[in-house]
Amino acid sequence: MVAVSRCRVCDTPINAFMSFGRMPIANGFLTANEIPNEYFFELAPAFCSACGMFQIMEQPEPEKMFHEQYAFFSSTSRHMQAHFEGFANAVLEGVLAGRADPFVVELGSNDGIMLRHFQSRGIRHLGIEPSINVADVARGHGINTISEFFGRKLADDIVAEHGHADAILAANVMCHIPDLPGVADGVQRLLKPDGVFIFEDPYLGDMIAKTSYDQIYDEHVFIFSVNSVARAFAMHGLELIDVMPQTTHGGSMRYVLAPKGSRVVSAAVGDALAKERAQGLDQGATYLRFKQNCEASRGLLMQMLEKLRGQGKRVVGYGATSKSTTVTNYCGITPDHVEFISDTTPIKQGKLSPGAHIPVKPYTEFTRQYPDYAL
Ligand code: SAH
Ligand code: ZN
């Protein structure tokens, strides 16, 4: 476990504004005999008023979360398959068109959900994916993938072996990497002078507006805003030149960055910054209100689950997601409230959900006898 007392980006002292309590690894599905050794840490978010970065104070070591038994396979979601086809097409048409022998690097490429669209067109590509089991799926489809954690050192190695990148892509992984300065430096070194870095992650503005506190779990060390991304990367010579809101994962933002001064900055950046100020994303009071909203949400959910339990209704969980780990553990949901969780991912089936220990069963169990309520 790594606990900080200073902002990971600008080194200003920070304090947690709330705690979600004792939390297990969000993707740490386990068997009954693994319960005595289950790992816990305290999930407590902080807001750095100096640089605007939202982050958690303690995070388990990366090796505890991303390994040869990582339970999240991107391609199990058909919705995300379509999303990444669109993302890849935007890069093919908007960045790579007309370039001779372009080179594309993706960080956190998982099972190849995005890179396959480059591989199938014969475009030089490289996936960086430390979780070996999901990387093996990509390699099985002929997608070039190395299983390492991206950082400064790896960036230099890639340049030495393959040259600089025309495009560096990342989805739902930048917010996972605690050494943001190291990654930003790595990206800056790996990128061609006319290259672009495009990444997307859950968006702080949506999380605050919707009280979607389930965005906060071990892997998500940061929840980004346009303001915090612009500042964090500016320290490493990268300029935020465009932003595009996404509907994925309950509200995400796509960020486009380029070496400073190399491209025109879109008006969308200034518009988004103004919107964030109007929403109060730079104000400490906003986060205290968020805390109250989380507590109110927890109260309502538990009131309803207790009522249904009293009425003898069957409630089943739909999707054993990493996000649900925060909800079940923060709210205190038990197998008495939720009979089981239905999930299509084989590696999760037959196991127990992290912390709450609710059994995970195949989707066929859900359809075999439909419950009264799905959560
Ligand atoms: N891009 C995919 C996967 C997101 S899950 C999608 O959006 O569906 C995050 C992935 O990032 C995991 O597969 C994890 O193993 C990987 N990852 C974690 N830390 C990393 C790092 N430092 N460098 C590269 N990949 C990393
Ligand atoms: Zn800071």
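Two strands count as paired if DSSP finds at least two bridges between them. In this predicted model, four strands meet that description as an open sheet with parallel pairing, in the order S17-S16-S15-S18. The points below take up this sheet, then a pair of packed helices, and then the nonpolar cores.

**The parallel sheet**
- Strands S17 (360–361) and S18 (373–374) stand at the edges of the sheet, and because each has a single partner strand, one side of each is left without a neighbour there.
- The pairing of S18 with strand S15, which spans residues 315–318, is parallel and runs over two bridges; Val-316 has Ala-374 of S18 as its bridge partner.

**Helices H10 and H11**
- Helix H10 (residues 284–310) packs against helix H11 (residues 322–331) at an angle of about 80°, the axes lying 10 Å apart, which means that H10 is roughly perpendicular to H11.
- On the H10 side the contact is made by Cys-294, Glu-295, Arg-298, Leu-301 and Met-302, and on the H11 side by Val-327, Tyr-330 and Cys-331.

**Nonpolar cores**
- The largest nonpolar core holds 87 residues, of which Phe-233 and Tyr-255 touch the most other members, and H10 supplies the largest share of this core, with seven residues.
- When residues up to four places away in sequence are not counted, Phe-233 touches Met-174, Leu-180, Ala-184, Phe-197, Phe-199, Leu-238 and Leu-257.
- Another core, of 24 residues, lies apart from the largest one and includes Phe-87, Leu-115, Val-256 and Ala-258.

Conventions:
Residues are numbered from 1 along each chain as its sequence is written. Chains are lettered from A and ligands numbered from 1 in the order in which they are written. This is a predicted model: local features need pLDDT of at least 70, side-chain atom pairs count only at pLDDT 80 or more; totals for chains, interfaces and linings use all residues. Side-chain values use heavy atoms; hydrogens and water are left out. Axes are lines fitted to C-alpha atoms, for helices over the stretch in contact, and angles run from 0 to 180 degrees between N-to-C directions. Angles under 35 degrees count as roughly parallel, over 145 as roughly antiparallel, 65 to 115 as roughly perpendicular and the rest as oblique. Contact means heavy atoms within 4.5 Å. A nonpolar core is a set of buried Ala, Val, Leu, Ile, Met, Phe, Trp, Tyr and Cys residues joined through side-chain atoms within 4.5 Å. Buried means under 20% relative accessible area, exposed over 50%, partly exposed in between (1.4 Å probe, protein chains only).
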